Amino acid sequence: MNKCTVMFLVTGLLCLPVAAIAHPGHAGDGFGAGFMHPFLGLDHLLAMVVVGIWSVLHSRRVWLAPLCFVCFLAIGAMLGHGGLVVPQLEPLVAASVLVLGLMLTLPLGRGTSVPLAVIGAFALCHGMAHGGELGAAGSVLAGIVIGSAILHGAGMLLASHVLQQREAWAHRLGQAVALVGGYLLVNTLF
């Protein structure tokens, strides 16, 4: 993959409609709506891909961060479905994009305990944002978890085939994602 292709893909991701960050209610319900949300919600799309990228670039156990995210996403969704309400949840979800982007700008090869805790905490927020939308069968949650795992895998592939050999590109991508996250955060506050 050449530099132009990577920049085209990144630009495409960053130009998705900002309106897609809204969490209340999906167009439809069930597995399909849950599955599509991580792909159509800009905050989810960027967070999932960045977690996959981070896992390859910063962890020896590459599946640990994505597994942590989907597990805590599911736990957060069940907590939200059970009625747990966290104030300022939308800004926390937007902040996850900012912080995860910044995590890509850190030097490679750091420890994983603190970043995994951060990833898990933000996954809880993403899950709680959808807790009220879960049906009794949990098909929306199953769709969100599987869609999220696929995006983690896409980030892992991007990191393995392009970014692992080009640390500067990973840092620039992290900076770009952090800027989008900052914009999303400001957008949720005002």
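**Helix packing and aromatic contacts in a predicted model**

Q: At roughly what angle do the axes of helix H7 (residues 139-163) and helix H8 (residues 167-189) cross, where they come within 9 Å?
A: The model is predicted, local features need pLDDT of at least 70, side-chain atom pairs count only at pLDDT 80 or more, and totals for chains, interfaces and linings use all residues. Residues are numbered from 1 along each chain as its sequence is written, and side-chain values use heavy atoms, without hydrogens and water. Axes are lines fitted to C-alpha atoms, for helices over the stretch in contact, with angles from 0 to 180 degrees between N-to-C directions; helices are DSSP runs (H or I, at least four residues) numbered from the N terminus. The axes of H7 and H8 cross at roughly 140 degrees.

Q: Which class of orientation describes H7 relative to H8?
A: Angles under 35 degrees count as roughly parallel, over 145 as roughly antiparallel, 65 to 115 as roughly perpendicular, and the rest as oblique. The axes cross at roughly 140 degrees, so H7 is oblique to H8.

Q: Which residues of H8 meet Leu158, Val162 and Leu163 in H7?
A: Contact means heavy atoms within 4.5 Å. By that criterion, the H8 residues are Glu167, Trp169, Ala170 and Leu173.

Q: Which residue lies over the face of tryptophan 169?
A: A charge sits over a ring if NZ of Lys or CZ of Arg is within 6 Å of the ring centre and within 35 degrees of the ring normal. At 5.0 Å from the ring centre of tryptophan 169, the residue is arginine 166.

Note on methods
Helices (H or I, at least four residues) and strands (E, at least two) are DSSP runs, numbered from the N terminus.
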